[in-house]
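Thanks for coming. I will go through a few local features, and you can follow along on the screen.

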Amino acid sequence: WEIPAALAFDLGASSGRALIGRLTVEADGRRKLEVSELHRFPNYAVQVGRHLHWDILRLLHEIKISIRKTFREGYQPATFGIDSWGVDFGLLDADGELLGNPYHYRDPQTEGLIEEVNGLIGSEALYRQSGLQFMPFNTLYQLLAMKKAGSPKLQIADTLLLTPDLLMYLLTGVRVCEFSMATTTQLFHPVDRAWNTGLMEQLGIPPHLFLKPVLPGHSVGPLAPEVCRELGVPAVTGVAVGSHDTESAVAAIPAEAGPFAYLVCGTWSLLGTEMDSPLLTPEAMELQFSNEGGVGGTYQLLKNIMGLWLLQECKREWEEAGNEIGYPQLVAAAEAAEPFRSLVNPDDPRFYGPGGMTDKIRAVCRETAQPEPRNEGDFVRCILESLALRYRQALDQAERLTGYSFERLHMVGGGIQNRLLCRFTANALGRPVWAGPVEASAIGNLLVQFIAQGLCTDLNDARRLSAASFPVEVYDPPEDASEWEDEYERFCRAWR
Ligand code: ADP
Ligand code: LRH
């Protein structure tokens with residue numbers, strides 16, 4: 001009797017990983033999901049001339065290495081699934097060839113386009129028909145930038161495939177468009193649950209590029225024969241999972257059914273709650289919340305917060321200056337640093353682009369008459385305290401929008417390895433944080449595959465399996481949270 005298994009590829013903006021998941025049964029009859037990491041590899045932006053790209057073929061190569069390794073190590077997954085960051089895409093020509101390297105969402109080509117499109121369509125009208133926060137990386141702005149630049153690639157493109165769908169196509173030869181990724185484009189109508197061809201026509205974006213979306217759990221097809229030959233592996237079946245990494249992570253949250261709040265904490269911080277349908281009110285637009293499609297046809301009302309990108313960029317800068325310093329040391333330095341010396345708004349637009357992060361933080365401190373950070377500990381403390389206060393603000397806003405009241409916050413993703421951040425978050429919220437699992441995106445990816453394999457019944461069943469399989473660490477708020485309350489008031493006076 002074979003233990004049912006599935007293979008997940010989870011591609012984040014800072015790293016990719018392959019995890020094998022096996023569904024075992026304990027002696028007492030309870031099911032458990034056991035995961036092991038097979039391969040982990042860095043992911044990075046590559047500057048080519050004026051543009052910033054992803055190294056998509058390197059990602060394909062790392063996925064192939066992982067598939068070969070899976071079978072060499074004796075695992076027999078029935079299916080595999082791919083999830084990645086949102087919004088980015090590749091274009092195929094009429095022969096099905098990839099037209100160039102996909103742009104990285106931090107490419108500056110979309111500068112100024114939020115204002116331009118709001119001027120053309122009207123911000124409220126655009127929000128009502130897309131439900132998305134106005135983020136410069138949205139696929140809509142990227143395509144518009146290409147159109148305005150007269151991109152020959154766009155002119156001859158036959159099909160657009162979002163990153164996980166593109167990699168799935170390169171492995172199976174089958175083109176699909178997965179629903180959760182489609183909802184990150186700003187070109188998908190959240191109420192109609194269909195492509196917004198009217199908006200595309202208004203903006204001159206060709207509607208023929210877009211395939212009809214399939215829901216998470218859709219079986220795409222087996223690995224292409226030439227891939228099986230190259231890797232010496234059987235024709236394992238590709239499944240479209242909750243292909244947006246955020247949605248895969250939300251699927252793995254070990255919460256009971258009913259309103260719950262979560263924070264997916266990686267390069268970005270996504271704080272929100274699960275809904276049956278999108279919330280498209282003027283207040284939701286005003287507070288800049290997104291409605292993103294998720295597993296089980298849910299809509300996730302969430303706020304995109306700049307996240308640990310700020311810390312990643314400081315760390316990169318210190319490394320480039322020859323100061324190799326790991327996350328554990330940076331967190332320890334922050335813990336020893338002076339509390340609340342200076343705060344920033346993590347969502348300051350100047351933090352979005354790569355490079356010069358410490359100078360940008362110093363500039364904000366100068367402009368707001370706060371002391372500039374003096375060393376690594378000061379910088380990291382400033383980032384972590386500011387993020388925690390921003391999370392509090394977003395949670396308060398989510399409660400205001402939905403009328404829910406949340407007793408706790410579930411935190412998942414690589415960022416929960418930063419225990420100081422989890423503690424600060426509990427302090428800032430004055431509510432417990434339940435942290436885990438770290439690899440939520442890969443686990444959610446596996447869970448949807450087990451739904452597709454008929455081994456989990458639905459999303460609630462999958463979440464019960466997650467809760468039974470992975471420990472959660474609870475961070476309680478302090479008895480006296482008055483210092484954090486005072487700082488929260490200071491934060492809210494400075495930034496909305
Ligand atoms: P993504 O999927 O967006 O690439 P992850 O979920 O892998 O991001 O989370 C990456 C973040 O996790 C890093 O930016 C870093 O801040 C944090 N992190 C990773 N390892 C550690 C560690 N050992 N200690 C503290 N924080 C860590
Ligand atoms: C997080 C994420 C987020 C945004 C951004 C581009 O990895 O997917 O939800 O879409 O990347």
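Two residues are in contact here if their C-beta atoms, placed from the backbone, lie within 7 Å. Keep that cut-off in mind, and note that this is a predicted model.

With that rule, take helices α17 and α18. Which residues of α17 meet α18? They are Ile 443, Leu 447, Phe 450 and Ile 451, and on the α18 side their partners are Ala 462, Leu 465 and Ser 466. An α-helix has 3.6 residues a turn, so residues three or four places apart point the same way.

Now the geometry of that pair. Helix α17 covers residues 440–452 and helix α18 covers residues 459–469; their axes come within 10 Å and cross at roughly 130°. That angle makes α17 oblique to α18. The crossing of α17 past α18 is right-handed.

Next, helix α6, residues 163–172. Why do we call it largely enclosed by the rest of the structure? Because 10 of its 10 residues are buried. Among them are Asp 165, Met 168 and Tyr 169, as well as Thr 163 and Thr 172. Just after α6 comes Gly 173, which takes a positive phi of about 80°.

Last, ligand 2. How many residues surround it? There are 16, and the closest are Trp 85, Gly 86, Asp 245, Thr 246 and Trp 268. The shell around ligand 2 divides into 7 nonpolar, 8 polar and 1 charged.

That is the end of my part.

Terms used. Residues are numbered from 1 along each chain as its sequence is written. Chains are lettered from A and ligands numbered from 1 in the order in which they are written. This is a predicted model: local features need pLDDT of at least 70, side-chain atom pairs count only at pLDDT 80 or more; totals for chains, interfaces and linings use all residues. A residue is near a molecule or strand if its C-beta atom, placed from the backbone, lies within 6 Å of it. Ala, Val, Leu, Ile, Met, Phe, Trp, Tyr, Cys and Pro count as nonpolar, Asp, Glu, Lys and Arg as charged, and the others, Gly among them, as polar. A residue is buried if 20 or more other C-beta atoms lie within 10 Å of its own, exposed if 12 or fewer, and partly exposed in between; C-beta atoms are placed from the backbone. Helices (H or I, at least four residues) and strands (E, at least two) are DSSP runs, numbered from the N terminus. Axes are lines fitted to C-alpha atoms, for helices over the stretch in contact, and angles run from 0 to 180 degrees between N-to-C directions. Angles under 35 degrees count as roughly parallel, over 145 as roughly antiparallel, 65 to 115 as roughly perpendicular and the rest as oblique. A crossing is left-handed if the near helix is turned anticlockwise from the far one by less than a right angle, and right-handed if clockwise.
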